[in-house]
Every structure is written in C-alpha cells, then in structure tokens.
Amino acid sequence: MMFDAVRNNKRVVQVFLALITLPFAFWGVDSYVRNAGAGVDLASVGDSKITIQQFDQAWRAQQDRLRQALGADFRPEAMNTPAARMAVLNSLIDQRLLLLEAAKARLGASDELLRDVISRIPALQENGQFSMARYQSVLAAQGLSQSQFEAQMRQDLTLQQLVNAIGETAIVGNTMTEAMLRIQSEERQIAELRFTPEQFAAQVKVEPASVEKYYEDNKKQFEIPEQAKADYVVLSLDDLMNKVKVSDDEVTAWYDSHQDRYQQADERRASHILILVDANVDKAKARATAEEILVEVQKSPTTFADLAKKYSQDPGSAEKGGDLGFIARGMMVKPFEEAVFALRENEVSGIVESEFGYHIIKLTGIKAGKQRAMDEVRSEIVNELKRQVASRQFAEAAETFSNMVYEQPDSLQPVAERFQLKIQHSGWLPRDPNPQLLATLGPLGNEKVLTSLFSADSLKNKRNTEAVEVAPGTLLSARVSEYRPASSKPFADVRVAIEAALKARAAAALAREAGEAQLSALQQGTEGKLNWGPVKTVSRLDGRQVPAAALKAIFRTDVRKLPAFVGVEVGGGNYLLVQIIKVSQPAKLDDGRRQALQREIATVLGQEDFAAYLAGLRMRYKIDVNQAALDSKER
C-alpha cells in the first residue's frame with residue numbers, strides 16, 4: 001500500500017546496489033551480530049565471524065549473478081583469482097558492518113512491509129496479482145523455505161533503512177546546479193572543413209622495398225597462431241536428469257506428503273479509498289473527510305472506482321480505481337484484512353482505521369481456497385524428484401569422472417563407456433581466441449579448458465585434460481587429436497594488403513599535414529578561399545552532429561576572440577578543421593534537465609557520503625582477515 005517510497009527511491013537503490021550484489025546468507029540478523037557459524041573463519045568484524053560456509057554461499061551467488069549477466073561471455077576461471085576472492089570477502093565485511101550498525105540502532109522491517117514488498121515481486125504473481133501457489137512453487141524450485149527467503153528479504157529491507165538514512169543526506173543547491181547546467185547547455189555555432197586520405201592518395205607511392213621491410217619488421221602481425229582439434233566428453237546434471245525415471249507411485253507419495261506446498265489459499269479481491277493520517281495530518285479532520293466520502297459511496301456504490309480515482313490518497317491504487325487485486329490472508333495489515341474477509345461480494349465497508357489512515361473498502365471478487373490437484377502439479381513434482389536423484393548421482397559421478405580422466409590419461413573411451421557418454425569432436429581451436437570467437441565454441445569456449453589443451457602435457461604426451469567445470473553441474477575433459485604449430489603467412493599472400501595499408505597511412509599523414517598547415521594559417525589571420533561546410537549548432541548535451549573527439553576539442557577551445565579555429569584527427573585518417581563562429585546561452589534553462597541534473601549530482605554525493613560512512617565503520621570496528629585461509633582454499 002504505502003511502501004512506494006521504499007521501492008521507488010532510485011537514488012537509494014543506486015547506492016544500495018553495490019551492497020546487495022551478494023545476497024545475504026539465511027541466518028538472520030541476530031546470527032550475524034552474534035558469533036555465527038563454526039569451523040575455520042575467514043574474517044572477523046568486531047566479535048562477529050565470517051565463516052568459510054558463508055563465504056562459499058556468497059561466492060556461488062556472485063558466480064550465478066555474473067553468469068546471468070554475461071551469458072556466454074561468463075568465465076568461471078576469471079573469478080578464481082586472489083583479487084576476486086578478496087572482493088567477495090570485502091563485500092561480506094561491508095554487509096556485516098552495516099548489519100551490526102542496524103542492530104545497534106534497533107532497525108527492522110515490519111511484517112506488513114515485508115508482505116507488501118513480497119506480494120509485488122513480478123515473479124510471484126499471476127495475471128498481475130500475487131499468487132501464494134506460485135510463491136511456494138518458486139521457492140521450492142530454488143530449494144528455499146519460506147522462512148529462509150523472508151529472512152533474506154527482511155535483512156535487505158532493514159539495511160535499506162540504514163542506506164536510506166545516509167544516502168539521503170546529500171543536499172544540492174540550485175546555484176551549483178544551474179551553473180553546471182549553463183555550462184552543459186552552452187551552444188557553439190560551427191562550420192567544418194574535412195581533409196581526407198582519399199584527397200591525397202594520388203600523391204602517394206609505396207616502394208616494393210618498403211613493403212618487404214614492413215613484412216620483415218612485423219612478422220608477428222602475420223602469424224597464424226597454433227591450433228588444435230580435440231576429442232571431448234561432457235558429464236552434465238541435465239543429462240542425468242533426462243535418464244532418471246520417476247514412477248506414478250513416487251509422484252503420488254511425494255504429493256501426499258507435501259500437500260501443504262500445493263495449497264492455494266482463500267483470496268479476496270478488494271478496492272479501497274484511503275485517506276492518509278500521519279504526524280502532519282489532523283486525525284479528526286481526516287476521519288471527517290473519509291465519512292463524507294463514505295456517504296457519496298453509499299449513495300452510488302457502482303461509482304466506487306471513479307470516487308477512488310478522485311479521492312484516494314494511495315498512489316499505488318488510486319489511478320486503478322482503488323483496485324488492490326487479489327489478497328491472501330497475511331498480506332495486509334490486520335484491521336484491513338479482517339474487514340476484507342468479513343465482507344460479501346460487492347459489499348462496501350464502513351470506515352476502517354489502520355496505521356496508514358482511514359479506508360473505505362469494496363469487495364469485488366472471491367477466489368475460494370483449494371488444493372491444487374496432483375495432475376496440475378505433476379510436472380513440478382517429476383522435475384523435483386528427478387533433480388533430487390540426479391543431484392545425488394552427479395555428486396557421486398563427478399568424483400569418479402574426475403579420477404578416471406586423470407588415472408587413465410591416454411584415452412577418453414573408458415570414462416565414456418563408464419557413463420555412457422558420446423565422445424565429441426571439435427573443429428580447429430586457437431590457443432587464445434578473442435571473446436567473440438570464444439562464445440561460439442560451446443563447452444570448449446572456456447579459458448581453463450583451452451589452457452589445459454595447449455599445455456605441454458596435453459600436446460607432447462597426448463594426455464586427457466583434467467575435469468573442468470564449464471557450467472554449473474557440467475564437467476568436461478578433452479584431449480588433443482590434431483595439432484598445428486604457429487606459423488607465418490607467406491609474403492606473397494599479404495603483399496597487397498601491406499601495400500594498401502602503407503598507402504593509407506601515408507595519405508592520412510598528408511591529410512593531417514595539410515589540415516595543420518591550414519589551421520596555422522587561419523590562426524595567423526590568413527584565411528584564403530575555403531569551402532566550409534554548412535553551419536551547425538552543438539552543445540555538450542547535444543553533440544551528435546560531430547565526432548566525439550571533435551566535440552571535446554570544440555569546447556576546449558578559447559572563444560574569447562571569434563571566429564576561433566581548432567583541428568583534430570577524427571579517425572579513418574581524417575583531419576577535421578572546425579571554425580567556431582558564435583557562442584551563446586539558451587534564453588531559458590530546461591526545468592526538466594535542471595531537476596535531472598540535480599538528482600544526478602545528489603546521487604554522486606550520496607554515494608560519496610555512503611563510501612565515507614563505510615570507511616568510518618571500518619576504522620571503528622576491528623577487522624581481521626585470515627589471508628592464509630582465503631588463499632589456500634581452492635575454489
């Protein structure tokens with residue numbers, strides 16, 4: 001209902017994003033404040049410990065986040081560095097510092113806030129409305145209990161209060177904003193004169209000896225990198241799942257023992273008109289206003305939606321005629337919920353008081369609770385059972401797979417037969433492919449796999465590579481089947497290309513020299529007859545008409561005396577000469593841009609304030625890092 005400020009505060013969210021990159025572990029705020037976990041600790045923050053278990057969870061969460069963000073470009077081995085491990089640990093340390101401060105300040109998230117935020121998560125909705133059945137199904141698919149997920153959400157919301165308190169302190173004055181906007185909005189009228197390599201191409205002659213010399217001096221440039229073809233096998237959790245058979249009896253037994261997971265709760269659809277009450281509102285006047293509106297509603301109940309649009313002070317529902325969608329028990333504050341579930345369909349309540357103010361509620365629909373039928377959830381159960389069985393099988397198979405490719409290094413056939421895998425064959429693979437090519441190589445597009453393939457042991461001794469995790473639940477081992485060492489392209493194959501490149505380079509140099517000579521003449525007051533292009537107007541906010549390098553040069557130029565001239569290389573061997581004719585300010589600053597810039601500056605200042613706050617916390621608490629444990633634990 002009235003939690004839009006928490007959800008829509010974009011500046012706070014921007015500051016907060018850096019802190020919730022790694023989701024919080026599911027032990028609750030209290031366990032963070034106390035000494036949580038057991039075993040070897042990677043760090044301590046005051047008396048609070050960060051254990052290997054907590055680090056591992058954060059590590060996996062970070063990998064999953066990057067995998068989703070980068071897709072085929074994700075490289076697990078890129079995270080397996082001391083710097084990456086320390087970055088994850090530092091993020092956990094920052095989280096712990098904030099949780100300690102939040103606990104000290106007795107901050108928390110109410111049940112009402114938690115329910116409202118969860119109910120508005122799109123992934124938990126059906127047809128735009130919160131669905132308890134979908135909520136339970138999504139959590140089950142992630143292997144989470146409702147209490148675990150809600151503990152994480154409560155921690156996030158608790159910390160958001162702390163972040164909000166710091167990030168909202170930045171104040172940006174109008175004077176500074178307007179001064180910066182005037183600088184950004186300054187307009188300069190210009191004309192261009194372009195010197196291109198094509199204008200000078202006829203003057204260029206490249207001697208054969210120069211072409212040969214360039215080839216000899218730059219042989220590395222014409223090198224064909226070493227390549228290899230590989231045979232490989234892949235063991236994957238998904239393949240194991242496809243082989244698992246689940247009987248009808250197993251499905252029935254699971255359904256019977258987990259019926260609470262497939263309960264669809266009784267739901268009511270309601271609309272409301274809200275008159276807000278807070279510290280700045282006279283409560284008696286607010287109630288009097290609500291009672292006047294109730295009289296109008298009772299006179300014409302069918303116009304409830306129109307009256308909600310006219311009177312309701314709930315920004316989230318007013319424009320929708322007060323519609324709140326379907327509501328399950330536990331989603332709203334208690335007085336509101338009790339009123340909703342006491343109404344008959346199309347009945348209007350009296351005045352209902354809650355912590356937010358006064359409500360007038362209309363019940364617009366009833367969805368009776370029911371047990372989802374087994375046929376309806378059969379596919380979910382089958383997938384759940386298959387994944388459980390396959391996960392156990394994969395955990396056992398992964399160790400055997402890794403041992404076999406290592407202990408029987410001369411062939412992939414034994415491991416292929418043991419696990420009924422197909423030996424697959426690659427095309428030519430380069431040692432160091434560019435990222436675009438790497439993304440096309442499928443499971444072999446993994447830096448760790450390629451490094452192993454091109455190792456001395458693999459090339460000279462023809463041994464299997466180690467088992468490499470190329471994706472979650474996917475192991476691969478490969479061996480070289482063919483090999484081509486690095487070589488150079490023959491001179492005859494590249495002579496024409498070298499000659500063209502040398503001509504283009506020489507022509508570009510002539511274009512630059514001509515442009516610089518003309519610029520010097522103009523700056524000395526000798527203009528001559530020049531064919532300037534049409535006049536354009538550019539600003540720092542709108543410089544699309546000129547190359548980026550030219551825009552920078554234009555606004556770095558001293559314009560106390562006009563016309564002013566500047567020259568710049570703009571790519572492709574082109575040299576651009578620019579005449580600045582006039583400088584002006586817009587008559588009126590755009591108010592929308594002013595507000596946007598003010599928000600932008602406030603965001604930057606808020607982030608700086610928050611960084612300073614975190615730095616202060618790090619000085620206030622004793623922080624110890626077990627560097628040996630962090631470095632020695634193989635990831």
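Analyst: We begin with a definition: two strands pair if DSSP finds at least two bridges between them. Please keep in mind that this is a predicted model.

User: With that criterion, how many residues lie between E1 and E2 in their hairpin, and which residue in the turn has a positive phi?

Analyst: The hairpin of E1 and E2 has 2 residues between its strands, and Gly46 in the turn has a positive phi of about 65°. Strand E1 (residues 41-45) and strand E2 (residues 48-51) are antiparallel, paired over 4 bridges. Within this pair, Val45 stands opposite Ser48 in E2.

User: Which residue of E22 stands opposite Val45?

Analyst: That residue is Ile623. E1 also pairs with strand E22 (residues 623-625), in the antiparallel sense and over 3 bridges.

User: How many of the residues in E1 are buried?

Analyst: Buried means under 20% relative accessible area. By that cut-off, 4 of the 5 residues of E1 are buried, and the strand is mostly covered.

User: Let us turn to a sheet. What is the order of the strands in the open sheet of 4 strands?

Analyst: The general idea for each strand is that, in a regular strand, side chains alternate between the two faces of the sheet. Here the order is E10-E9-E12-E11, with antiparallel pairing. Strand E10 (323-328) and strand E11 (348-354) form the edges, each pairing on one side only. On average, neighbouring strands of this sheet are turned by 40° against each other, direction ignored.

User: How many bridges join E9 to E12?

Analyst: There are 10 bridges between strand E9 (residues 267-276) and strand E12 (residues 357-367), which are antiparallel. One of the residues involved is Ile273, whose bridge partner in E12 is Ile360. Helix H14 (residues 283-299) packs on the sheet and touches E9, E11 and E12; its direction makes about 165° with that of E11. Helix H15 (residues 304-311) lies across E9 and E12, at about 40° to E9.

User: And how many bridges join E11 to E12?

Analyst: E11 and E12 run antiparallel and are joined by 5 bridges. Val348 has Lys362 as its bridge partner in E12. These two strands form a hairpin with 2 residues between them.

User: How does one describe the packing of helices, and at what angle do H13 and H17 pack?

Analyst: Two packed helices are described by the angle between their axes and the distance between the axes. Helix H13 (residues 248-257) and helix H17 (residues 374-407) pack at about 105°, with their axes 9 Å apart. Angles of 65 to 115 degrees count as roughly perpendicular, and H13 and H17 are therefore roughly perpendicular to each other. The residues of this contact divide into 8 nonpolar, 2 polar and 4 charged. Among them are Val251, Trp254 and Tyr255 in H13, which meet a set in H17 that includes Val377, Ile381 and Leu385.

User: Finally, which residues of H11 are buried?

Analyst: In helix H11 (residues 208-217), Val211, Tyr214 and Tyr215 are buried. Seen down the axis of H11, the buried residues fall within an arc of 100°, so they line one face of the helix. They pack against strand E18 (487-488) and helix H22 (491-523).

User: Which exposed residues does the face turned away from the buried side of H11 carry?

Analyst: That face carries Ala209 and Lys213.

Methods:
Residues are numbered from 1 along each chain as its sequence is written. This is a predicted model: local features need pLDDT of at least 70, side-chain atom pairs count only at pLDDT 80 or more; totals for chains, interfaces and linings use all residues. Side-chain values use heavy atoms; hydrogens and water are left out. Axes are lines fitted to C-alpha atoms, for helices over the stretch in contact, and angles run from 0 to 180 degrees between N-to-C directions. Angles under 35 degrees count as roughly parallel, over 145 as roughly antiparallel, 65 to 115 as roughly perpendicular and the rest as oblique. Contact means heavy atoms within 4.5 Å. Ala, Val, Leu, Ile, Met, Phe, Trp, Tyr, Cys and Pro count as nonpolar, Asp, Glu, Lys and Arg as charged, and the others, Gly among them, as polar. Buried means under 20% relative accessible area, exposed over 50%, partly exposed in between (1.4 Å probe, protein chains only). The arc is that of the directions from the helix axis to the C-beta atoms.
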